[in-house]
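Reader: I've got a model open on my screen and would like to talk it through. Can you take my questions one at a time?

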Amino acid sequence: MPANDQLETLWNHVSNHLCASISPDAYSRWFSGMKLCAASDDAIWLAVPDSIHQLWIEMNYLPALQAAFGAITGAHHRFRFEVNEAAAGTGELAGAFESAAPIAEAVEETEAGLAPAEAPAMEIAFDAEPPVEGRDACTFDNFVVGASNEYAHAAARAVAERPGRSYNPLFFFGGSGLGKTHLMHAIGAEVRAKKPRARVVYITSEEFTNQFIAALQTHSIAKFRKRFRQADVLLIDDVHFLAGKERSQEEFFHTFNALLDGNKQIVLSSDRPPAEIKDLENRLVTRFEWGHTTEITRPDEETRVAILQRKAESLEVDVPRYLLEFIAAGISSSVRRLQGALIRVASWISLHGPMSTDQAEELLRDMLQQEARNGLSIDLIQRCVAANFDIRLADMVSRKRPASIAVPRQLAMYLARELTTESYQEIGGAFGGRDHGTVMHACRASEERMKEDAALRRRVAAIRSQIERGG
Ligand code: ADP
Ligand code: MG
């Protein structure tokens, strides 16, 4: 870890690079208050004055930062941010950052009684949708409850209250960005708050798989097992990632049994219900369904406004109500995107001052267009299937039962489930107000039919690629 004066020199060089690659306005707005706190071969720790800075930089300037640091150090770095105005630049942070550990370990660090405020800075993932804040901020307190998530929320609360004794396992499923990970962390935080000595382990199934493989390679499987099998609460996120990974599934199966036998709590999440995860062993599907399975769907407009309001408050930014309503009306597919839009608007306001809805529309154009495309897709699926089977579009929502109509309608529901992120309930709605169970049945029936009928399988594959090409 370089000494303070080396850090200063490094930062001066990097700043010069940054100045050359972005506008002076943008530099002075977003980077003048930034401090370089620590640097290692592959990670850089930066302090920023507030969360708007962090979010805006993550969304817009990571490539520029990457290039500027890369030009000086010749390395590819990951970036970690700390929002800390008071400590910025005093060097106090450097020490704190040295102990920075990934969030998974932070959640696990229960013996040390790591309070949320002391939790390490989050790790930045280089993907299109940056994390909105450190996961230590995911609590029940800041989770907005609405019709779309009230059952999931209630189940999460019950589990946090009496781990291992209410629903076990608890299985959340739903589309991306709807709050599954948030609720898992909220359970973890709540259990830790109540029982500081409880061992809470949070891990994604992807990381579970990676660590399992690493343990096999380094002959440290006993240690790996101990870590998971001694957990009081095991939170495994995104289990659909276990699909097709046989040895990891096998290992997980034994972990699962050991914990359940000991009345330890298991919480799982996935983008779909257990039975729909492809290439997941039956015995795991069965176990995942043992306890309680609960779906999170897209929030309705009122809930979306409430989420935006809460988020604006926590970011301490002043975004007028008409803009919150504008964002909520245009963006419905995920809370993550909702927040992304809010940050954009808030950042714009902090740069330029008051904003009209026309300006917001301009600023959010790409996001709004993407939402509109999402919204269209069930309609597109229905059109393509109807045209291919030579039935009327109206039959997609009708109650007619002859097989010549019912079969294509079921196939269209199946394709809607496969190709969109809509929930069963939403798909049912788009097919003439059918219920959740009807859509589930349609999906299963379609899969059965395709299994037995190769010609139908080819036909559906052709329709599918037509839809994916845009019709
Ligand atoms: P998922 O795991 O389902 O993909 P996340 O839990 O990561 O989604 O949620 C995406 C973002 O939206 C996170 O920043 C999370 O805090 C936020 N979020 C989701 N649902 C809510 C809610 N009901 N209230 C407040 N914030 C929410
Ligand atoms: Mg998640």
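Reader: Which residues come closest to ligand 1, and how many surround it?
Author: Keep in mind that this is a predicted model. The closest residues are Val 144, Gly 177, Lys 180, Thr 181 and His 182. Counting everything around ligand 1, the number is 19 residues.

Reader: What is the distance from an oxygen atom of ligand 1 to a polar side-chain atom of Thr 181?
Author: Let's go through the side chains in turn. Lys 180 has a side-chain N or O atom 2.8 Å from an oxygen atom of ligand 1, and for Gln 339 the corresponding distance is 3.0 Å. For the polar side-chain atom of Thr 181, it's 2.7 Å.

Reader: How much of ligand 1 does the protein bury?
Author: Start with the ligand by itself: taken alone, ligand 1 exposes 560 Å². Of that area, the protein buries 93%.

Reader: Which elements give two or more residues to the shell around ligand 1, and which domains does it lie between?
Author: Two helices give two or more residues to the shell: H8 (180-194) and H15 (335-352). On the domain level, residues of the shell come from both domain 2 (118-296) and domain 3 (301-374). Ligand 1 therefore lies between domain 2 and domain 3.

Reader: How do the shell residues divide by type, and how many are charged?
Author: Sorting the shell around ligand 1 gives 7 nonpolar residues and 9 polar ones. The charged residues number 3.

Reader: On to the cysteines. Is Cys 138 buried or exposed?
Author: The structure holds 0 disulfides. Cys 19 has a relative accessible area of 38%, so it is partly exposed. The cut-off for buried is under 20%, and Cys 138 sits at 8%, so Cys 138 counts as buried.

Reader: Where is Leu 280, and how far is its C-alpha atom from that of Glu 246?
Author: Leu 280 is in the loop between strand E7 (265-270) and helix H12 (282-288). With a relative accessible area of 9%, Leu 280 is buried. Glu 246 is 34 residues away along the chain, and the two C-alpha atoms are separated by 8.2 Å.

Reader: Last one: which side chain does the side chain of His 53 make a polar contact with?
Author: His 53 is part of helix H3, residues 51-60. Its relative accessible area is 6%, so His 53 is buried. Its side chain makes a polar contact at 2.8 Å, and the partner is the side chain of Asp 50.

Methods. Residues numbered from 1 in each chain as written. Chains lettered and ligands numbered in written order. Predicted model: local features only at pLDDT ≥ 70, side-chain atom pairs only at ≥ 80, totals over all residues. Heavy atoms only, no water. Near = heavy atom within 4 Å. Polar contact = N/O pair within 3.5 Å; in protein donor to acceptor, adjacent residues only side chain to side chain. Areas by Shrake-Rupley, 256 points an atom, 1.4 Å probe, with all protein chains shown as cover. Helix = DSSP H or I, 4+ residues; strand = E, 2+ residues; numbered from the N terminus. Nonpolar A, V, L, I, M, F, W, Y, C, P; charged D, E, K, R; others polar. Domains from an automatic or database assignment. Disulfide = S-S within 2.5 Å. Buried < 20%, exposed > 50% of the residue type's maximum accessible area, 1.4 Å probe, protein only.
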